[in-house]
Amino acid sequence: MTLKALALGAGIAALATAAAADVKVGMITTLSGGGAGLGIDVRDGFMLAVKQSGRDDIEVLIEDDQRKPDVAVQLADKMIQAEDVDVLTGIIWSNLAMAVVPSAVNQDVFYLSPNAGPSALAGQGCHQNYFNVAWQNDNLHEAAGAYANDAGLANSFILAPNYPAGQDALTGYKRFYEGALAGEIYTQLGQTDYASEIAQIRASGADSVFFFLPGGMGISFLKQYADSGVDLPVVGPAFSFDQGILQAVGAAALGVKNTSQWSKDLDNAANTAFVASFQEEYGRLPSLYASQGFDTANLLISAMDKADVSDMDAFRAALLEADFASTRGDFAFGPNHHPVQDIYVREVIREGDVFTNKIIGTALTDHADAYAADCKM
């Protein structure tokens, strides 16, 4: 069901009608099935920023892609051709982004990514109407590789699901990691049984495990890994140790080091206000995904303050300026419209009854992606 000018979160008021809206946004995200928590957080962060802006000239149409590329394509076609949206956003999964984004941006629609950042869209497949407000897929994994070096890890076993983001994950880790590989496995997307992979880790002689398994995949793996008795240090990106996942994993995640461009304890005014207001609005701590949705909406709003979306050149220039207070502090776009930003090392801790993360260091500073040189905008 299309939700016009309506947030699916507590207490968010109706926005402008289609007739009055100056910018119409189509949000296609995952709201059901595996990975729904990620899409819900992106949606809630985005809509919180819209509410806080007080604007009455934004209309948001929200649809559930069910984590299916064909559904996402159908929704995008409807939003562009029938609903006449100006901006698309919301996609979580890189295979869905690859199905939707190239066609959308070539139809004079802006796409603002609050999550997926496949390498194919950062290099030769870059486009002037595509802006990634999260990261390029490799980035957090590159930071994990850099951290592994600093921690003296020299024989990692690495695994990720076999889809674009999983491939970028292992590529990113290996780009910065200087040690040997005890093993490398691509698992199935959506897999829940990791007995075979854990057996291979046990027999491999590894001194550490790096994995990228977002959503329910990470919950399943961590629980089974903790129960297996294998006791090797685990390193990963924030996607497998983020706020929504940690409560389901529990004590099995304590002490794990993970990399992220955002954390709830980042010490800047925008982030402090965001964390407090998100908790007040929704009754839960925000996740990485919520912060990215929030920043994406604020980027859009900052461009609306400077240009009319009907003037695509001026609006594009306003987006590129990124003149907004990001939850992550300093934020700028590189030449391929992907972020240049710091990436931190976090540790999973317990605060009272809540499992969460705290920053313990910085893995990479002012980090850009490896594909910008291939972008010929």
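Begin by selecting Lys 51, which is partly exposed, with a relative accessible area of 36%. The model is a predicted one. Lys 51 belongs to helix α1 (residues 36-53) and Glu 281 to helix α9 (residues 269-282), so the pair ties together parts that are 230 residues apart in sequence. Glu 281, at a relative accessible area of 16%, is buried.

Next, select Asp 242 and Arg 346, whose side chains meet in a salt bridge (3.5 Å, N to O). Asp 242 is found in the loop between β10 (234-237) and α8 (243-249), and Arg 346 in strand β13 (residues 339-351), 104 residues apart. Is this Asp 242 buried or exposed? Asp 242 counts as buried because its relative accessibility is 2%; Arg 346 also counts as buried, at 2%.

Move on to Lys 306 and Glu 321, which form a salt bridge of 2.4 Å, N to O. Lys 306 sits in the loop between α10 and α11, while Glu 321 is in helix α11, 15 residues apart. Lys 306 is partly exposed at 43% relative accessible area, and Glu 321 is partly exposed at 48%.

The whole structure contains 16 salt bridges.

Finally, select Asp 22, Asp 56, Asp 308 and Asp 311 to see a negative surface patch. Asp 311 lies in the loop between α10 (288-304) and α11 (312-321) and is partly exposed, with a relative accessible area of 41%.

Methods. Residues numbered from 1 in each chain as written. Predicted model: local features only at pLDDT ≥ 70, side-chain atom pairs only at ≥ 80, totals over all residues. Heavy atoms only, no water. Patch = residues over 30% accessible without salt bridge, like charges linked within 9 Å, V, L, I, M, F, W, Y side chains within 5 Å. Areas by Shrake-Rupley, 256 points an atom, 1.4 Å probe, with all protein chains shown as cover. Salt bridge = Lys/Arg side-chain N within 4 Å of Asp/Glu carboxyl O. Lys, Arg positive; Asp, Glu negative; His and termini not counted. Charge placed at Lys NZ, Arg CZ, Asp CG, Glu CD. Helix = DSSP H or I, 4+ residues; strand = E, 2+ residues; numbered from the N terminus. Buried < 20%, exposed > 50% of the residue type's maximum accessible area, 1.4 Å probe, protein only.
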